[in-house]
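The following exercises ask the reader to work through one structure step by step. Please keep the sequence and the model in view while reading each solution.

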Amino acid sequence: MYLSPIIMTPFIKDKDIKKDWYLINAQDAAVGRLAAFISKVLRGKNKPTYNPHMDNGDFVVVTNIEKIKFSGKKFKNKKYYRHTGHPGGIKETTPLTLKEKSKTQDILRLAVKRMLPSGPLGKKQLTKLKIYSGETHPHDVQKPKIINFEKLNKKNILR
């Protein structure tokens with residue numbers, strides 16, 4: 001009887017995980033495309049050591065969030081639903097009302113949150129997303145790598 005050698009799949013340990021910092025300028029970026037890219041980086045799917053049950057993603061800093069764009073008429077017609085937990089307690093908002101309330105960062109945060117897994121792992125990964133309006137951010141010490149989101153695909157930027 002022939003016994004083949006066992007090939008073990010290498011799993012990365014928590015102490016071996018290296019978390020990088022990335023900086024993305026969201027000026028004129030399409031919300032859905034930006035959220036999909038950010039969620040991929042937060043989960044660690046851009047690394048060869050990706051495991052779905054581990055948090056080996058990177059930190060993402062997004063600037064110029066007030067200049068983010070939707071395609072078509074989604075800015076006025078898209079609806080976000082939430083429930084208060086009481087009977088008849090469904091509430092809805094639109095990106096337009098969120099922008100009027102100066103909560104532009106919630107537009108991107110909601111889009112990214114819904115692309116991450118639900119549960120403790122998804123909540124932990126969402127804390128690595130830092131969103132700021134304007135060009136400045138307090139994470140210069142971490143020396144984030146700049147990702148030119150416009151150059152990745154010509155459809156990423158709406159004109």
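A residue is called buried under 20% relative accessible area, exposed over 50%, and partly exposed in between (1.4 Å probe, protein chains only). The model is predicted, so local features need pLDDT of at least 70 and side-chain atom pairs count only at pLDDT 80 or more, while totals for chains, interfaces and linings use all residues. Residues are numbered from 1 along each chain as its sequence is written, and side-chain values use heavy atoms, with hydrogens and water left out.

**Exercise 1. Describe the open sheet and the pairing of its strands.**

Step 1. Helices (H or I, at least four residues) and strands (E, at least two) are DSSP runs, numbered from the N terminus. Two strands pair if DSSP finds at least two bridges between them.

Step 2. The open sheet is formed by four strands with parallel pairing, in the order S5-S2-S1-S6. Its edge strands, S5 and S6 (145–147), each pair on one side only. From one strand to the next, the twist averages 25°.

Step 3. Within this order, five bridges link S1 and S2 in the parallel sense. Trp21 stands opposite Phe59 in S2.

**Exercise 2. Classify the aromatic pair of Trp21 and Phe59, and then that of Phe70 and Phe75.**

Step 1. Rings of Phe, Tyr and Trp (its six-membered ring) pair if their centres lie within 6.5 Å; planes under 30 degrees apart count as stacked, over 60 as edge-to-face and the rest as tilted. By this rule there are three aromatic pairs.

Step 2. The ring centres of Trp21 and Phe59 are 4.3 Å apart and the planes stand at 5°, so this pair is stacked. Trp21 belongs to strand S1 (residues 21–25) and Phe59 to strand S2 (residues 59–63), so the pair ties together parts that are 38 residues apart in sequence. Both Trp21 and Phe59 are buried.

Step 3. For Phe70 and Phe75 the centres are 6.1 Å apart and the planes are at 45°, so the pair is tilted. Phe70 has 15% relative accessibility and therefore counts as buried, whereas Phe75, at 24%, counts as partly exposed.

**Exercise 3. Which residues of helix H4 are buried, and what do they pack against?**

Step 1. In helix H4 (residues 104–113), the buried residues are Thr104, Ile107, Leu108, Ala111 and Val112. They cover an arc of only 120° around the axis, which puts them on the same side of H4; the arc is that of the directions from the helix axis to the C-beta atoms.

Step 2. Contact means heavy atoms within 4.5 Å. The buried residues of H4 pack against several elements, including helix H1 (31–43), S2, strand S3 (80–83) and helix H5 (120–126).

Step 3. H4 lies across S2 and S5 and runs at about 160° to S5. Axes are lines fitted to C-alpha atoms, for helices over the stretch in contact, and angles run from 0 to 180 degrees between N-to-C directions.

**Exercise 4. Describe the hairpin of S3 and S4.**

Step 1. S3 and strand S4 (residues 90–93) pair in the antiparallel sense over four bridges. Arg82 stands opposite Lys91 in S4.

Step 2. Six residues lie between the two strands of the hairpin, and Gly85 in the turn has a positive phi of about 100°.

**Exercise 5. How many salt bridges does the structure hold? Examine two that involve Asp55 and Asp58.**

Step 1. A salt bridge is a side-chain nitrogen of Lys or Arg within 4 Å of a carboxyl oxygen of Asp or Glu. The structure holds six.

Step 2. Asp55 and Lys19 form a salt bridge whose closest N and O atoms are 3.8 Å apart. Asp55 lies in the loop between H1 and S2 and Lys19 in the segment before S1, so the pair ties together parts that are 36 residues apart in sequence. Asp55 is buried, with a relative accessible area of 11%; Lys19, with 32%, is partly exposed.

Step 3. In the salt bridge of Asp58 with Lys47, the closest N and O atoms are 2.9 Å apart. Asp58 counts as buried at 0% relative accessibility, and Lys47 is buried with a relative accessible area of 17%.
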